[in-house]
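Reader: I'm new to this one and would like to learn how to read it. Could you walk me through it feature by feature?

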Amino acid sequence: MRVEMFTFLIAGAIVLGGALGVVALRNPVHNALSLVATLFGVAVLFVIQEAYFLAAIQVIVYAGAIVILFLFVIMLLNIEAVPREWKRWPAWLVAGGITAFMGAELVRLRAYSPERLAREF
């Protein structure tokens, strides 16, 4: 396996893990730090594609400014973690249904060839 592929897989795992942390964690500070991990992973993906300016902007503007602003607001408002009594299963059920629907649509669309799509649309 080449170094580029290994780096892509690691950065992709960081992006997916950070994005999952943004959605799944209960503490707002942990959510913001997971967002930082996601943004740094995206910056690494930009570096892999040799888009160095976009990687620098990603780190400086998003991870360096906007997420820090989020953290300041969270600390200023003294937002507490989501209480355990609040049930999240309906949201996960809706998200799972939407994901299943989108996956089924992708599987259905995979059967189409570009020529068939051009004819039908």
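Reader: Let's start with Arg 2: is Arg 2 buried or exposed?

Author: The idea is to compare accessible area with cut-offs: buried means under 20% relative accessible area, exposed over 50%, and partly exposed in between (1.4 Å probe, protein chains only). Arg 2 has a relative accessible area of 59%, so Arg 2 is exposed. Bear in mind that this is a predicted model, where local features need pLDDT of at least 70 and side-chain atom pairs count only at pLDDT 80 or more, while totals for chains, interfaces and linings use all residues. Residues are numbered from 1 along each chain as its sequence is written, and side-chain values use heavy atoms, with hydrogens and water left out.

Reader: Which side chain meets Arg 2 in a salt bridge?

Author: A salt bridge is a side-chain nitrogen of Lys or Arg within 4 Å of a carboxyl oxygen of Asp or Glu. Here the partner of Arg 2 is Glu 4, at 3.2 Å, N to O. Glu 4 counts as partly exposed because its relative accessibility is 44%.

Reader: How many salt bridges does the structure hold?

Author: Two. Helices here are DSSP runs (H or I, at least four residues), numbered from the N terminus. Arg 108 is partly exposed because its relative accessibility is 43%, and Glu 105 is partly exposed at 24%.

Reader: What about helix packing: at what angle do H1 and H2 pack?

Author: For H1 (residues 3-24) and H2 (residues 28-48) the angle is about 155°, and the axes are 8 Å apart. Angles under 35 degrees count as roughly parallel, over 145 as roughly antiparallel, 65 to 115 as roughly perpendicular and the rest as oblique. H1 and H2 are therefore roughly antiparallel.

Reader: Last one: which residues make the nonpolar surface patch?

Author: Patches take residues with over 30% relative accessible area and no salt bridge, joining like charges within 9 Å and nonpolar side chains (Val, Leu, Ile, Met, Phe, Trp, Tyr) within 5 Å. Areas come from the Shrake-Rupley method with a 1.4 Å probe; for residues, only the protein chains shown count as cover. Phe 53, Leu 54, Ile 57, Ile 60, Val 61, Tyr 62, Ile 66 and Phe 70 make a patch of about 730 Å². One of them, Ile 66, is in helix H3 (residues 52-77), and Ile 66 is partly exposed at 32%.

How values were computed:
Helix = DSSP H or I, 4+ residues; strand = E, 2+ residues; numbered from the N terminus. Axes fitted to C-alpha atoms, helices over the stretch in contact; angles between N-to-C directions.
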